[in-house]
Amino acid sequence: MKIIKVKDPQEGGKVAFELFKEALLKGTKVLGLATGSTPVSFYNEVTRSNLDLSDLTSINLDEYVGLDGTSDQSYRYFMQKHLFDKKPFKETYVPNGKATNLNEFVKEYDKIIDEHPIDWQVLGLGQNGHIGFNEPGTPTTITTHVVNLAESTIKANARMFENESDVPRQAISMGIASIMKSKQLVVMAWGVEKADAVKGMIEGPVTIELPASILQTRDNVTVIVDEAAASKLSK
Ligand SMILES: N[C@@H]1[C@@H](O)[C@H](O)[C@@H](COP(=O)(O)O)O[C@@H]1O
């Protein structure tokens with residue numbers, strides 16, 4: 001794990017963008033992408049750039065069950081707005097929150113990931129240490145699956161909805177095993193709300209109770225944290 005400390009999310013987005021350009025030069029063709037407020041500063045750097053991404057494939061981590069891509073709280077909508085509408089890709093995959101057969105759908109999504117191995121994966125971090133929507137307690141061997149969201153995640157994500165009761169209770173998420181297959185991973189975390197999760201991810205024991213801690217077992221992981229998110233680290 002390599003740790004890069006930055007002043008704020010804007011600087012963090014710029015650092016991620018530099019890493020992204022290096023990855024492109026090395027032949028990256030498939031991106032694993034994340035939603036949430038964390039990667040926005042990175043996506044802004046990408047959309048402001050003159051990079052041509054029309055040869056790239058992207059595969060997103062997760063989506064709420066029950067929301068379709070036209071719903072402005074859906075992750076498909078988020079990705080269109082922050083990235084895809086401004087920078088066309090060759091193809092973009094986001095789990096289908098309206099799939100009629102979720103059990104079949106998760107298998108199809110695994111197949112998509114197998115057919116397009118991820119070169120460069122962007123990750124945010126839940127306040128409880130989740131990655132994608134892999135909540136505490138999720139086995140590390142799991143691939144794409146349907147998740148019952150933790151109460152703490154519903155509360156943390158309620159800010160994106162009118163009422164907490166509108167937050168879907170389930171999501172489709174790429175599994176930890178799928179995420180760990182990526183060739184390179186870049187984790188970003190901003191703000192004091194993430195400080196405990198960042199400490200656990202970097203300095204705590206590797207435990208399924210803090211899903212991101214598994215990233216300690218790999219050396220192809222770069223963590224970008226701002227001062228507030230790094231505030232509980234011992235060095
Ligand atoms: N499923 C997403 C995660 O992929 C994301 O990393 C996390 C953090 O969100 P934010 O970046 O808004 O803090 O929230 C959600 O739960």
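## Terms and basis of the model

A residue is called buried if 20 or more other C-beta atoms lie within 10 Å of its own, exposed if 12 or fewer do, and partly exposed in between, with C-beta atoms placed from the backbone. The structure is a predicted model, in which local features need pLDDT of at least 70 and side-chain atom pairs count only at pLDDT 80 or more, while totals for chains, interfaces and linings use all residues. Residues are numbered from 1 along each chain as its sequence is written.

## Strand 2 and its partners

Helices (H or I, at least four residues) and strands (E, at least two) are DSSP runs numbered from the N terminus. In strand 2 (residues 30–33), Val30 and Gly32 point one way and Leu31 and Leu33 the other way, and all are buried. Strand 2 runs parallel to strand 3 (residues 57–60), to which four bridges join it; two strands are taken to pair if DSSP finds at least two bridges between them. Within this pairing, Leu31 has Ser58 as its bridge partner, and Gly32 stands opposite Ile59. Together with helix 2 (residues 40–48), strands 2 and 3 make a right-handed β-α-β unit, where right-handed says that, with the strands pointing away from the viewer, the path from the first strand over the helix to the second runs clockwise.

Strand 2 also pairs in the parallel sense with strand 6 (residues 120–123), over two bridges, and in that strand the bridge partner of Gly32 is Gln121. Strand 3 pairs in turn with strand 5 (residues 91–93), again in the parallel sense and over three bridges, with Tyr93 of strand 5 as the bridge partner of Ile59.

## The largest nonpolar core

A nonpolar core is a set of buried Ala, Val, Leu, Ile, Met, Phe, Trp, Tyr and Cys residues joined through C-beta atoms within 7 Å. The largest such core has 57 residues, of which Leu125, Val187, Ala189 and Val198 touch the most other members. Strand 9 (residues 184–189) gives the most to this core, with five residues. Not counting residues up to four places away in sequence, Ala189 touches Thr38, Leu125, Lys194, Ala197, Val198, Val225 and Ala229, a contact being a pair of residues whose C-beta atoms, placed from the backbone, lie within 7 Å.

Gly191 is placed in the loop between strand 9 and helix 7 (195–203), and it counts as partly exposed because it has 18 C-beta neighbours inside 10 Å. Leaving aside neighbours within four places in sequence, Gly191 is in contact with Ala228 and Ala229. Its C-alpha atom is separated by 26 Å from that of Phe84, 107 residues apart along the chain.

Ser231 is found in the segment after strand 10 (221–226) and counts as partly exposed because it has 14 C-beta neighbours inside 10 Å. With neighbours within four places in sequence left aside, Ser231 is in contact with Val192 and Ala195. The C-alpha atoms of Ser231 and Val198 are separated by 9.1 Å, the two residues being 33 residues apart along the chain.

Note on methods. Two residues are in contact if their C-beta atoms, placed from the backbone, lie within 7 Å.
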